[in-house]
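Q: Could you take me through this structure? I would like to begin with one loop and then turn to the overall fold.

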Amino acid sequence: MIAFKNKRPLLQTGHCVISDYDTGWLEDVLQQAANAAGASLPFRSEIAKAILMYLEEKCPLHAVPLDYLFQRIAGMLRQAGLPRIADHLRVQTPPVIIDLHQIATQSPLPLFFYQELEQQLDHLRRLGLTTYEFAGAESCSKLLGDRQRACPTQRRMLDELNAFLASQQQLAS
């Protein structure tokens, strides 16, 4: 197996450094800013690729503060004639993936599961990480409902879990 070294600088936020980010995250950030500005951004993919190319090939820093990166992106958008989008650009971390199935395996009772999940999210927020993606919701709901396959109890657990996750996402924003 051949492995290539990632030449991107680390992103620094609070006490955390992030090495795993890609054009998809940058495209989402740019699209959110365009939506908030009420503008279209037809070259979103090309702009995201250009930002990553700069970070990989021209950026002299080994770690870039996240707010500094977003200031530079806003400046670039202004120079490109997109000041409304630049004004609506919001600093946010790349998404952190949280494995719900793993948490449910360690804490299979709903009361303990939700408490553990909330503690993990609070810990991530204190570190400065505010964007999350949740994996394994369906298998987690089966564990929490003590079911082997989909049934009304499992669907009810899944609905409760989705409502809890939605409330946590609103707290993060």
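A: Aspartate 146 is found in the loop between helix H7 (137-144) and helix H8 (152-172); helices (H or I, at least four residues) and strands (E, at least two) are DSSP runs, numbered from the N terminus. This is a predicted model, in which local features need pLDDT of at least 70, side-chain atom pairs count only at pLDDT 80 or more, and totals for chains, interfaces and linings use all residues. Residues are numbered from 1 along each chain as its sequence is written, and side-chain values use heavy atoms, with hydrogens and water left out.

Q: What is the phi of aspartate 146?
A: Aspartate 146 has a positive phi of about 55°, although it is not a glycine. Most residues other than glycine have a negative phi.

Q: Is aspartate 146 buried or exposed?
A: Aspartate 146 is exposed, with a relative accessible area of 64%. Buried means under 20% relative accessible area, exposed over 50%, and partly exposed in between (1.4 Å probe, protein chains only).

Q: How many of the residues count as buried?
A: Of the 173 residues of the protein chain, 36% count as buried.

Q: Which secondary structure does the chain have?
A: The protein chain has 8 helices and 5 strands. Along the sequence, their pattern is β-β-α-α-β-α-α-β-α-α-β-α-α.

Q: What does the C-alpha trace span?
A: Along its principal axes, the C-alpha trace of the protein chain spans about 55 × 40 × 30 Å.

Q: Where is leucine 109?
A: Leucine 109 lies in the loop between helix H5 (100-106) and helix H6 (110-127).
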